[in-house]
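Let's take a walk through this protein together. Have the sequence and the 3D view ready, and follow along strand by strand.

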Amino acid sequence: MTEVCKEEFGTAVGPVEKCTLRSGSVCVEIISLGCVIKSITTEDRSGQSADLVLGYDDLEGYLSNSRYFGAVVGRVANRIAKGRFVIDEKEYKLAINNGPNALHGGLKGFDKAVWTTEAVDNGVKLRHSSPGGDEGYPGNLNACVTYTLEKNTLSVLYHAQTDHTTPINLTNHSYFNLAGQGSPDIYDHEVTISAESYLPVDDTMIPTGEVKSVEKTLFDLRKPVLLGSRLKELPGPGFDHNFCLCSPGEPPLERKCARVVHPGTGCVLEVSTTQPGVQFYTSNFLDGTLKGKGGAAYSKHSAFCLETQNWPDAVNQPHFPDALLRPGETYTHTTCFTFSVV
């Protein structure tokens, strides 16, 4: 049985709670601001404990959190081209906050909200209500995220309902370093992503519309790849691409999508999800100016993200998986993070 406890973490627009889930050697801390995973502590092969996710020691860091450390982002994670989309012949305009595009729900997305918390078996359930017009999105949306820890697996269950058709795409934006947060880079990590195709992007990181096979490309991660050498070969600053886990229209079945190993410590992270894609991001835009836990300076390539989600800009690309939630429907997705050692 997982131990669950709640305590006050500080005050933002209201009290911010911290929930701690503990099962065996795995301990997860979650705060109600932004539905943030504050820490994931587990043991390596020698029995040494380390926190595997980037973040801050106190609430003050999370009040700005410009890089979304550990947060649930929404209504729509990732980018929407030019911050515009059309539903039923009506155009909606969003805040432009990433070059010419809208990113991660806007200027005050779900990562900035204080969610309500409720203890449940083996975990915690967090809720947030987003009113119609919030950041330009239509419809009142009720979102719920449940974190449960059972043995060495952290499961994240997303639910949402609306009273007006709206795009939705929820994910968790945790940054991992399996050598422990504060370690200088991820070049010694081995990554596998079980995807046959990926989405090429333009110079503003919007998918071009092509669904491209990974065969004979640097995006073929179907067998373990050492990140350091692959990043040297890859044009541009690093990975920030959607890997396609299924074809549009396929039912949302849970599938294993990624495995990352740190040979030095033996730490392993395996990810499974019902989502149609995973955005693999190698913290290309961290530059050492942000000071995190224990005063660590988070630099470029000091962590990786595996953001399970719908394909970016799907609301504007009809041949991508459907991004709309309609009245009477329930948005439901699950992602599981399993920690082990080899």
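Start with S197, which stands opposite C244 in β21. S197's strand, β18 (residues 197–198), is joined to β21 by two bridges, and the two run antiparallel. A quick word on terms: strands here are DSSP runs of E with at least two residues, numbered from the N terminus (helices are H or I runs of at least four), and two strands pair if DSSP finds at least two bridges between them. Before going on, know that this is a predicted model, where local features need pLDDT of at least 70 and side-chain atom pairs count only at pLDDT 80 or more, while totals for chains, interfaces and linings use all residues. Residues are numbered from 1 along each chain as its sequence is written, and side-chain values use heavy atoms, with hydrogens and water left out.

Strand β21 (residues 240–244) has another partner too: β24 (residues 277–281), in the antiparallel sense over five bridges. There, C244 stands opposite G277. How many of β21's five residues are buried? Five of the five are, where buried means under 20% relative accessible area, exposed over 50% and partly exposed in between, using a 1.4 Å probe on protein chains only. In a regular strand the side chains alternate between the two faces of the sheet. In β21, D240, N242 and C244 sit on one side and H241 and F243 on the other, and both faces are covered.

Take a look at F280. Leaving aside neighbours within four places in sequence, F280 is in contact (heavy atoms within 4.5 Å) with residues including I193, D240, H241 and F243.

## R79, a buried arginine

Now find R79, in strand β7 (residues 79–80). Is R79 buried or exposed? R79 is buried, because its relative accessible area is 7%. Its side chain makes a polar contact of 2.9 Å with the side chain of N98 and another, of 3.4 Å, with the side chain of D240. A polar contact is a pair of N or O atoms within 3.5 Å; within protein, one must be able to donate a hydrogen and the other to accept it, and residues adjacent in sequence count only if both atoms are side-chain atoms.

For a sense of distance, the C-alpha atoms of R79 and K151 are 35 Å apart, and the two residues are 72 places apart along the chain.

## The nine-stranded sheet

Finally, trace the open sheet: nine strands in the order β11-β12-β13-β14-β27-β23-β22-β17-β20, with antiparallel pairing. Its edge strands, β11 (116–120) and β20 (225–226), each pair on one side only. Inside the sheet, β12 (residues 123–130) and β13 run antiparallel, joined by eight bridges, and S130 stands opposite L141 in β13.
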